Amino acid sequence: MTGLASSILLLTGCTFLLLAALGIVRMPDLYIRMSSSSKAVTLGAGCLAVGLALHMNDAGVTTRSILLILLFLLKAPVAAHMLGRSAYLTGLPLWEATTIDEVTARAENPPEPRGEPPATAADPTEIDPPTPPQS
Amino acid sequence: MTVVGVCFAILCAALLLAFVRLVKGPTVADRVVALDLLAVISVGVIIIHDVATELPVFLDAAIVLALVGFAGTIAFARYLERRGRS
């Protein structure tokens, strides 16, 4: 029973790693590539670690597998965020079919500050638009 | 044993696909993403090897490889950001 479960988990993890590699090759854009790879990599490596812990059935291996899973859960979002941020800030273009760019939209059209009553539209010349943050 | 063989085959295919992106990648950031994925697939290969040999001695190497890959990705991201701004 444990052998069957660990086999299924190992195969699932390997398949998810293959899907991450496939997404990295096939997706059109760096950001979509990172989105596909970071999520599939977390799930695939987690499945592999759980499969190894079930297969070995040993306290030390289980502890190190849990450590590996925690490491992947912590590192994948941070690495993807930092790479995407640096790519966006250095002006890497988005895919041409991308329709939503919330960073540029917020910089051009900043939202109302919270905690204050909405400004009346009687005299719109008195309202200074808040300056976008200087990077 | 057949499960281990299938897992090795799948991971080899994943390594090849990641290498395709590493060679092709139009920008440096694409290559960094491919390198990160290569490190993770290497961790997977180590885990399958541990299962195949029934010896979990290389699991520590897998943990260290994951950490080094993370540090490398962070360093590359900071380098790219500094280079792009200056």
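## Helices across the chains

Reply: Let's start with α3(A) and α2(B): A79(A), L83(A) and A87(A) of the former meet A29(B), V32(B), V33(B) and D36(B) of the latter. Contact here means that two residues have C-beta atoms, placed from the backbone, within 7 Å. Sorted by class, this contact has 6 nonpolar residues, no polar ones and 1 charged. Nonpolar covers Ala, Val, Leu, Ile, Met, Phe, Trp, Tyr, Cys and Pro, charged covers Asp, Glu, Lys and Arg, and the others, Gly among them, count as polar.

Before going on, a word on ground rules: this is a predicted model, where local features need pLDDT of at least 70 and side-chain atom pairs count only at pLDDT 80 or more, while totals for chains, interfaces and linings use all residues. Residues are numbered from 1 along each chain as its sequence is written, with chains lettered from A and ligands numbered from 1 in the order in which they are written. Helices are DSSP runs of H or I with at least four residues, strands are runs of E with at least two, and both are numbered from the N terminus.

Back to that pair: α3(A) and α2(B) pack at about 170°, with axes 11 Å apart. The axes are lines fitted to C-alpha atoms, for helices over the stretch in contact, and angles run from 0 to 180 degrees between N-to-C directions. The two are therefore roughly antiparallel.

Now the two α1 helices. Residues 2-26 of chain A and residues 2-24 of chain B pack at an angle of about 15°, their axes 8 Å apart. That makes α1(A) roughly parallel to α1(B). As for cut-offs, under 35 degrees is roughly parallel, over 145 roughly antiparallel, 65 to 115 roughly perpendicular, and the rest oblique. α1(A) supplies S7(A), L10(A), L11(A), C14(A) and L18(A), among others, and the residues of α1(B) in this contact include V3(B), C7(B), L11(B), A14(B) and R21(B). By class, that contact has 19 nonpolar, 2 polar and 1 charged residues.

What about α1(B) itself? Its 23 residues should span 33 Å at 1.5 Å a residue, and its end C-alpha atoms are 33 Å apart, which agrees. (The expected span is 1.5 Å times one less than the number of residues.) Its buried residues are V3(B), C7(B), I10(B), L11(B), A14(B), L17(B), A18(B) and R21(B). They pack against α1 of chain A together with α2 (28-53) of chain B. Buried means 20 or more other C-beta atoms within 10 Å of a residue's own, exposed means 12 or fewer, and partly exposed is in between, with C-beta atoms placed from the backbone.

Zooming out, the contact between the chains takes 42 residues from chain A and 40 from chain B. On the chain A side, α1, α2 (30-56) and α3 (59-89) each supply at least two residues. That side has 29 nonpolar, 9 polar and 4 charged residues. Chain A has 4 helices and 0 strands, and 33% of its 135 residues count as buried.

Finally, a loop residue in each chain. N57(A) sits between α2 and α3 of chain A, and its phi is near 55°, a positive value in a residue other than glycine. In chain B, E54(B) lies in the loop between α2 and α3 (59-85), with phi near 60°, again positive in a non-glycine residue. N57(A) is exposed, with 10 other C-beta atoms within 10 Å; E54(B) is exposed, with 8.
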